[in-house]
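Let's take a walk through this structure together. Keep the picture open beside the text and follow along as we go.

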Amino acid sequence: MAYEIILDKNRYGINDDIVVKTKLTNQGEDTLTYVSGSSSCPKHAVVNIVHVETNKRLEIKPYGPCTADLGKSKLKPGQTVEDTDIYITKVYGKSIQELAPLGKYDIEVALPPEDIRSTENNHSVPIEQRQSVKTQIVLVR
């Protein structure tokens, strides 16, 4: 897999939206199957933006409405898929969103897992976690 993470800058202010564009290319010889979100809101990449010190994750900007059906897609050898995700500088606190902590954040991108299974307490667990790549940004005042 070849991953490309495209950002318009690497330093963001506390009120900025963070636009993350991703390109994933299958450089292997086998077709890869992956969970690609729902039919109304397809996703080709898993993106997490995590504060280096606290492990708090930035929230994705609300969009939708999205249906609950999970779709699967195939990425053939040589094929490229692209996504654009927008994140806000907020994290979930105890029960509400709060301002994200300042500092360094890792942006981690991976092809979604091949499948997802549910546990007894209805949590989703990925089957065959994929390799990921990272880059870093800084959130400043």
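**A sheet, a core and some loops**

Start where eight bridges join strand 11 to strand 14, two strands that run antiparallel. Keep in mind that you are looking at a predicted model. Within this pairing, Y105 sits opposite I137 of strand 14, and G103 has L139 as its bridge partner in strand 14. L139 also has Y12 standing opposite. On that side, strand 2 pairs with strand 14 in the parallel sense, over three bridges.

Next, the nonpolar interior. In soluble globular proteins, nonpolar side chains tend to be buried together. In this model, the largest nonpolar core has 23 residues, and I18, V47, I49 and L58 are those with the most contacts inside it. Strand 3 (18-25), strand 5 (46-51), strand 8, strand 11 (103-110) and strand 14 (132-140) each supply at least two residues of the core. Strand 11 gives the most, with four residues.

Leaving aside its neighbours within four places in sequence, its contacts include I18, L58, Y105 and I137.

Is D85 buried or exposed? With a relative accessible area of 4%, D85 is buried; the cut-off for that word is under 20%. What does the side chain of D85 make a polar contact with? The partner is the side chain of K43, at 2.5 Å. Beyond its neighbours within four places in sequence, D85 is also in contact with I18, V19, V20, V47 and I60.

Move on to T89, in the loop between strand 8 and strand 9. T89 is in a loop, yet it is buried, with a relative accessible area of 5%. The side chain of T89 reaches the backbone oxygen of I14 at 2.2 Å. Apart from neighbours within four places in sequence, the contacts of T89 include G13, N15, D16, I18, L58 and L139.

At 23% relative accessibility, G93 counts as partly exposed. G93 and K56 are 37 residues apart in sequence, but their C-alpha atoms are 9.1 Å apart in space.

Finish at N55, in the loop between strand 5 and strand 6 (59-60). N55 counts as exposed, at 55% relative accessibility. Its backbone is worth a glance too: N55 has a positive phi of about 65°, although it is not a glycine.

Note on methods. Residues are numbered from 1 along each chain as its sequence is written. This is a predicted model: local features need pLDDT of at least 70, side-chain atom pairs count only at pLDDT 80 or more; totals for chains, interfaces and linings use all residues. Side-chain values use heavy atoms; hydrogens and water are left out. Buried means under 20% relative accessible area, exposed over 50%, partly exposed in between (1.4 Å probe, protein chains only). A polar contact is a pair of N or O atoms within 3.5 Å; within protein, one must be able to donate a hydrogen and the other to accept it, and residues adjacent in sequence count only if both atoms are side-chain atoms. Contact means heavy atoms within 4.5 Å. A nonpolar core is a set of buried Ala, Val, Leu, Ile, Met, Phe, Trp, Tyr and Cys residues joined through side-chain atoms within 4.5 Å. Two strands pair if DSSP finds at least two bridges between them.
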